[in-house]
Protein chains: 2
Amino acid sequence: MSDAGLESAVAPPTADTARVGLDPELVGKVAEALEVGEIDRARELIEPLHYADLADLIEALSADQRVLLVEMMRRKFPAEIIPELDEPVRNEVAELLGTQDLAAAIAKLDSDDALLLIDGLEEARRRHVLHAIPAALRRELEEGLAFPDDSAGRLMQREVVAVPQYWTVGECIDDMRESDELPSDFYDIFVVDSKHRPVGGVPLDKLVRSKRSVRIGDIMKSDLRPIPLDMDQEQVAFLFKQHDLTSAPVVDRMGRLVGTITIDDIVDVVEEEAEEDMLRLHGVTDTDVHTPLLETVRSRFVWLLINLGTAFLASSVIGLFEHALEKIVALAVLMPITASMGGNAGTQTMTVAVRALATRDLTTANALRIMWKEVLVGGINGFLFALITGAIAIAWFGDWLLGLCIAGAMVFDLIAAGFAGIVIPIISQRFRIDPAISSTVVLTTVTDVIGFFSFLGLATLLLL
Amino acid sequence: MSDAGLESAVAPPTADTARVGLDPELVGKVAEALEVGEIDRARELIEPLHYADLADLIEALSADQRVLLVEMMRRKFPAEIIPELDEPVRNEVAELLGTQDLAAAIAKLDSDDALLLIDGLEEARRRHVLHAIPAALRRELEEGLAFPDDSAGRLMQREVVAVPQYWTVGECIDDMRESDELPSDFYDIFVVDSKHRPVGGVPLDKLVRSKRSVRIGDIMKSDLRPIPLDMDQEQVAFLFKQHDLTSAPVVDRMGRLVGTITIDDIVDVVEEEAEEDMLRLHGVTDTDVHTPLLETVRSRFVWLLINLGTAFLASSVIGLFEHALEKIVALAVLMPITASMGGNAGTQTMTVAVRALATRDLTTANALRIMWKEVLVGGINGFLFALITGAIAIAWFGDWLLGLCIAGAMVFDLIAAGFAGIVIPIISQRFRIDPAISSTVVLTTVTDVIGFFSFLGLATLLLL
């Protein structure tokens, strides 16, 4: 295996020196060159960049600089950049490129990427762009757009290698060497019956390891997991993770092979879904630092409005105890502590529950057991923090009954937090509401109301 | 391509009928069979399950039922189940299997899975199990354990196909047909120079598409991204996503090819990292509904203790205004509203910032611009909610100065929330602290303190 004449010239990278992603300094340099009109210098700076880094560069520039850059790159704009851009920037670039250049770029993309891009365009522009695309591709894209958002139909590539099972390994390889219509990347070939329904799959490594005379039917894996066109992408991702799939056949209602989903699409889905849970927990609908100002204001406003409602609800609970608060000002000082602890403890439980529901670690089979555990965790921590908080309150205000009130409220609220933290997401899921969306608001309402009510209520009983 | 004799017998699945994951009812049936000692029935029930579903079944059972099931499966325990189990359950099963059966199972796993399993064992058991493993494999595992947690060295498979670039496609394929030492799954072969340093890669689909006489050097992609052994898995995942890689060569300090990381390992990393951010934001360190009770109590306790400290800090701010609170009880009633809105608005901003830092959408190149945007978002929403909240407060307590106080505090706190929500994670990252870990505590301290101080302070100025 020796080949003395050939050596890689680059010094081996280490974890510190390996360049990962775009150099922030480069952004500044390109921005400067663009602004002073040194087009050649800018062109030179971006020359060595990978398309994904170029996409990051476009995102990092200000809107004005972006116009200059796209203008400069227009003549040979690399189509691969477009799917890498975050949605708001993508639409901006689509706008800048104009119908003709955009249609040309789309025609160069894989069907799933093209679909993503077209789908993000505004209605009028989408019609114009589709019109400028060759008829065959246009029909394919229009079919794709008919599938529900986030469905397998949207994720799949239509290009797929399908062979009958009586073929030999040699025939398959010869056929692939001849064919012009192969997908750009693939890891498995699929075996279909006379009705074009998938009956097996052969990973490429298995294919190249087998002798030419071997029949495909003898080396194929027949435990396929055919994916229906309308399956939700979250379920598709679960199947891939659960069964360690690299690619899976997508089938239509008649069970016929119509495309394939590969694991590289799943990476994005998995990240998107985990991220979505996190963002939704906090009422954020756009993942995106690039969303325009007013749209950001609007999208956050709704959540804050709901939260304002629950905050006033909590206030009205406090209002019930005006009499106690008038008499003992220490109650007002200590009052937020219980509610804050309840909110935090409940959110801990809920965060775990929301992820466990998504990864199917929490199911009806073990819900009761896990709920019971969380209530116990709440009870034990409630007891510990009752001791700590009670002691501090007594030391601060020199009133042991006041300490008893806050201690009692702490136990109540942390048990309620454990219970609500697990029950709310489960109930949401049962009613087919994404547990991440509704849960925080409901949870903090519960912990605030119980926190204020139990503390001020106990104080009214014991201190007045 | 017609093959009339062969047809798939199963009805095509739809999104509703496609079975995804373990049937919860089956868990109950297996549990029952185990408890009444109907071993044959239990065996029959689990017979058709995929190993990943078996792993889910083991997780869903109670600890006692788990003992019975593992006992029943012991004689031919499928090794592939083990890496699919969540850590606490994995250690339980390892314990139940005992040293000999566990060592036998580990020997059957891929090197990365074996490493994961060994790493999770307690010190004493790990020594015993390593001792029971054949020497060659043991040495490999011990080397693997020497790499830092979450590094490329831990993720990689050592098995890799490497060829010199003067070979032809035909020679490669023939060699793979002969070889017994191929990895169990692979998507690319790597081209190495005389010092075994990677100089190129050939995806398998490219290989099978090329004629036998073509030289490997002529079809290889030479823009490789060699990954150093000590690179953090988060960086590795970023590289894979950024450059749409399916596999990448891992190199040692001399730049020699020592293994390969494939995209199926990356799916888990991506999910783990996104999930970690979400959990850390809420002070949860274990993702896991299967973590034992007392460990859960302990891990949550620390975070709650920190939160208690900040809650008392906020209380002491309230304590500064005892005089105002004694005079006007409405202040105590309305006081939590501003703080709650500030906390929520800040968390929205921070959630976006933490994710954007992780996905490198937020960098030093655009930090200032995005910070400015978030402050504006805070200001605009602050103004809107000042109007709403002020109006409600006036209607409720009939005091327009009180309404002015809460309105002013709302503007202050929401601007502070936007600013803190973006600045805190950026500063954490600068000091190499995971932004997700520290940020929430600091943020809510800021928004609570500013919320209480500005409301009660304004009230002291205007109302007393």
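Colleague: Which residues does I219(A) touch, not counting residues up to four places away in sequence?

Modeller: The model is a predicted one, and in it I219(A) is found in helix α13 of chain A, which covers residues 216-219. Once residues up to four places away in sequence are set aside, I219(A) touches V169(A), V202(A), K206(A), S210(A) and V214(A).

Colleague: Does I219(A), in terms of relative accessibility, count as buried or exposed?

Modeller: The relative accessibility of I219(A) is 10%. The cut-off for burial is under 20% relative accessible area, so I219(A) counts as buried.

Colleague: How many Å apart in space are I219(A) and R66(A), C-alpha to C-alpha?

Modeller: In sequence, I219(A) and R66(A) are 153 residues apart. In space, from C-alpha to C-alpha, the separation of I219(A) and R66(A) is 52 Å.

Colleague: Which residues does S151(A) touch, not counting residues up to four places away in sequence?

Modeller: S151(A) lies in the loop between α9 (135-145) and α10 (152-155) of chain A. Despite this loop position, S151(A) counts as buried, at 1% relative accessibility. With residues up to four places away in sequence left out, its partners are L229(A), D230(A), M231(A) and Q233(A).

Colleague: What is the radius of gyration of chain A?

Modeller: Chain A holds 21 helices and six strands. For its 464 residues the globule rule gives 23 Å, and the value for chain A is well over this, so the chain is more spread out than a compact globule. Along the principal axes its C-alpha trace spans about 90 × 65 × 55 Å. The radius of gyration of chain A is 30 Å.

Colleague: What percentage of the residues in chain A do buried residues make up?

Modeller: Among contacts in chain A with a separation of 6 or more, 67% come from residues 24 or more positions apart. Of the 464 residues in chain A, the buried share is 57%.

Colleague: What is the area buried between chain B and chain A?

Modeller: The contact takes 161 residues from chain B and 160 residues from chain A. Carbon and sulfur atoms give 64% of the area buried between the two chains. That area is about 13700 Å².

Colleague: Which helix gives the largest share of the side of chain B that touches chain A?

Modeller: Across the interface of chain B and chain A, 37 residue pairs are in polar contact, both residues being at pLDDT 80 or more. The largest share of the chain B side comes from a helix of residues 329-358, which supplies 19 residues.

Colleague: Which residue of chain A forms a salt bridge with E374(B)?

Modeller: The search of the whole structure finds 45 salt bridges over all chains, and the count between chain B and chain A is nine. In the pair made by E374(B), the closest N and O atoms are 2.9 Å apart. E374(B) lies in helix α19 (residues 367-397) of chain B and its partner in helix α16 (residues 293-319) of chain A, so the pair joins two chains. Both residues are buried, and the partner of E374(B) is R300(A).

Colleague: Which residue forms a salt bridge with R355(B)?

Modeller: The closest N and O atoms of this pair are 2.9 Å apart. The pair links distant parts of the chain, 78 residues apart, with R355(B) in helix α18 and its partner in helix α15 (residues 263-281) of chain B.

Colleague: Which residues do salt bridges that share partners join into one network?

Modeller: One salt bridge between the chains pairs E271(B) with K241(A), the closest N and O atoms being 2.9 Å apart. Through shared partners, salt bridges join into one network K241(A), D277(A), R355(A), E271(B) and E275(B).

Colleague: Which residues is G421(B) in contact with, leaving aside its neighbours within four places in sequence?

Modeller: G421(B) lies in helix α20 (residues 400-430) of chain B. Its relative accessible area is 0%, so G421(B) is buried. Apart from neighbours within four places in sequence, G421(B) is in contact with G346(B), T349(B), M350(B), A353(B) and L443(B).

Note on methods:
Residues numbered from 1 in each chain as written. Chains lettered and ligands numbered in written order. Predicted model: local features only at pLDDT ≥ 70, side-chain atom pairs only at ≥ 80, totals over all residues. Heavy atoms only, no water. Contact = heavy atoms within 4.5 Å. Buried area = accessible area lost by both parts, 1.4 Å probe. Salt bridge = Lys/Arg side-chain N within 4 Å of Asp/Glu carboxyl O. Polar contact = N/O pair within 3.5 Å; in protein donor to acceptor, adjacent residues only side chain to side chain. Helix = DSSP H or I, 4+ residues; strand = E, 2+ residues; numbered from the N terminus. Buried < 20%, exposed > 50% of the residue type's maximum accessible area, 1.4 Å probe, protein only. Rg over C-alpha atoms; globule rule 2.2 N^0.38 Å.
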